[in-house]
Amino acid sequence: MDIYGFYTGRVFDAYEYLGAHLTEGGAVFRTFAPAAAGICVRLEGREIPMNRIGDGNFYEACVPEVKAGDCYEYRIYGRNGQYQDHCDPYGFGMELRPAHRSVVRDLCAYRFKDEAWVRSRDTRMNGPMNIYELHAGSWRKPSQEQEDWYSYGELAELLAPYLKESGYNYVELMPLSEHPCDESWGYQNTGFYAPTSRYGTAAELMEFVDIMHRNGIGVLLDYVPVHFAVDDYALVKYDGTELYEYPHSDVGVSEWGSYNFIHSRGEVRSFLQSAANYWLKEYHFDGLRMDAISRIIYWMGDERRGVNGNAVDFVRVMNRGLKERNPGCILIAEDSTNYPNVTKSADQGGLGFDYKWDLGWMHDTLSYFQSPPWERKEKYHRLTFSMMYYYNEKYLLPFSHDEVVHGKATILQKMSGQYEEKFPQGRALYLYMMVHPGKKLNFMGNEIGQLREWDEKRQQDWELLVYPNHDSFYHYMAELNRLYLKHPALFMEDYGQEGFQWLDCHQEERCIYAILRRGGTERLAAIFNFSGTEQSYEMKLPEGIRAKLLLYSDWQRFGGNTLEKKPRWQKADRTWSLAPFCGMLLELKNEAENQTSLL
């Protein structure tokens, strides 16, 4: 490891030097603890003193007869004579909570078979990206027991065919780095390099990613570079001093009660960006969704406190380095601020993310659909506002886990009205989402119209699929997803202004909208009636254009009232009959193939 680079925050491979590494006949343990008075590595029945090496800030012990699966921890003595036992900050595995020792893992134990996938992957900027956000412990469970989980490999065998059948081409896993509290969902970490032992070992997680890739599914991981858990066996006062955290609580403790990383320290930067690179390189993840970036941009996430320049510089350097080392990797920011150039290249002064969650679109859209139909004419432009700022960044549209917990109700439950009225509105909502520019993300359970808020202790309510409303809703979602993946107009020009056009956004009294999407040689139009009454609408397009109905959210097979007819080309400037709370997707073409495009 480049020691100078480690201190100056330029290292991306610190884990290859620090941590526990198997050797012929044993293992070598190394840790960074500059303020420690002494350290021992504690194994089963053994306690081995570690030697200071290099500049005296690192400790090392070479221990024979250590094998993969052995547990260990560091006993770190402070200069006051007291000690604290810690897990390894760079450990590749940990025990299942409430136990917390590190576990020796062999990162070479699994051999990937996804070379072709890794060589060909890209950021999907001009391709479809339909993401299924997943909590690994509560998608499905082998039993009703809270602590009964599928292993990484078992989960992959169930999940891969489900995603393909359901029309998703990416899965985003909520944080898998080790965490002591199930209720934190992985966002309060103690082991930043340790895949949680709830679901298995490092090799089993590698197998999960490999299986996904062999089934044509990309894998994204939620990563937490802002804060860490307060447990005293982890990073807190690791060497007896504030090594990873701020020394002052006014900026050192987050709103979630965790400790904030001090991003001005080079050693902390090297720790975090090496961890990000570790997940991409060693596990073949296709990208990272980075949590709470607003808390990096502004002090404590508060714009009034000003920009945290050191943290912003850290993100810019990290993202540039990850891109250089992992070609085609996808970097996504969860950021609710108006800070500019989040998705601009780091080389051009931006933060270097590929995508940013469009939380404004999400809030405005859900607020609109939560309103009763008679109020929507006054809120009409909540659905048009997103396109006023959309081209400032490269946005991703999220209906994430945050929107189905803590009393917010699930996505379908948010729809206005009684039970029967929620399904047609949900179908129309998701068609609008697919037609709106931007990559897509949907949290597990949304696709079956789940009405119970997500609980990390229970699996999703799959028994709902025995009920016709939920079964037809799932099949609608699956067909809509497949149409999205198939039609270039819905994704090819997501970030070019030629890819989107309002055909009609001034039907305030009627709550009708019409949208045109372009991609390559394809043109699609969508018409929406978000009112509670049936209406007629004439779509005005140039003469010589024909239309074919691809999808109508009110078809009977989706739980609607309209009988489906065989699709045929017809005049596009006709009057369409629109059911209450409905959307329709139309393919457009010129009458003569050799005619210059009119759209």
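Here are some questions and answers about how this predicted model is put together.

The model is predicted, so local features need pLDDT of at least 70, side-chain atom pairs count only at pLDDT 80 or more, and totals for chains, interfaces and linings use all residues. Residues are numbered from 1 along each chain as its sequence is written, and side-chain values use heavy atoms, with hydrogens and water left out.

Q: How many strands make up the closed barrel?
A: Helices and strands here are DSSP runs (H or I, at least four residues, for helices; E, at least two, for strands), numbered from the N terminus. Two strands pair if DSSP finds at least two bridges between them. With parallel pairing, the barrel runs β10-β11-β14-β17-β18-β19-β20-β21. Its strand count is 8.

Q: Which residue is the bridge partner of Ala333 in β19?
A: Strand β18 (residues 330-333) and strand β19 (residues 355-357) run parallel and are joined by 2 bridges. Ala333 has its bridge partner in β19, and that partner is Lys356.

Q: Which strands are the edges of the open sheet?
A: This sheet has 4 strands with antiparallel pairing, in the order β1-β2-β6-β5. The twist averages 30 degrees from one strand to the next. An edge strand here pairs on one side only, and that picks out β1 (19-23) and β5 (51-53).

Q: Over how many bridges do β2 and β6 pair?
A: Strand β2 takes in residues 26-32, and β2 and β6 pair in the antiparallel sense. As one example, Ala27 has Val63 as its bridge partner in β6. The bridge count for β2 with β6 is 7.

Q: Which side chain does the side chain of Glu60 make a polar contact with?
A: Glu60 sits in strand β6 (residues 58-64). Leaving aside neighbours within four places in sequence, Glu60 is in contact with Val28, Phe29, Arg30, Met50, Asn51 and Ile53. A polar contact is a pair of N or O atoms within 3.5 Å; within protein, one must be able to donate a hydrogen and the other to accept it, and residues adjacent in sequence count only if both atoms are side-chain atoms. At 2.6 Å, the partner of the Glu60 side chain is that of Arg30.

Q: Are α6 and α8 roughly parallel or roughly antiparallel?
A: Helix α6 (residues 266-283) and helix α8 (residues 309-325) pack at about 30 degrees, with axes 10 Å apart. Angles under 35 degrees count as roughly parallel, over 145 as roughly antiparallel, 65 to 115 as roughly perpendicular and the rest as oblique. That angle therefore makes α6 and α8 roughly parallel.

Q: How many residues of the contact of α6 with α8 are nonpolar?
A: On the α6 side, the contact includes Leu272, Ala276 and Leu280, and on the α8 side, Phe314 and Val317 are among the residues. Ala, Val, Leu, Ile, Met, Phe, Trp, Tyr, Cys and Pro count as nonpolar, Asp, Glu, Lys and Arg as charged, and the others, Gly among them, as polar. The contact has 3 polar and 3 charged residues, and the nonpolar count is 7.

Q: Are α4 and α6 roughly parallel or roughly perpendicular?
A: Helix α4 (residues 202-214) packs with α6 at an angle of about 70 degrees, and their axes are 10 Å apart. That is why the pair α4 and α6 is described as roughly perpendicular.

Q: Which residue does a cis peptide bond join to Arg97?
A: Omega of this bond is about 10 degrees.

Technical notes: Axes are lines fitted to C-alpha atoms, for helices over the stretch in contact, and angles run from 0 to 180 degrees between N-to-C directions. Contact means heavy atoms within 4.5 Å.
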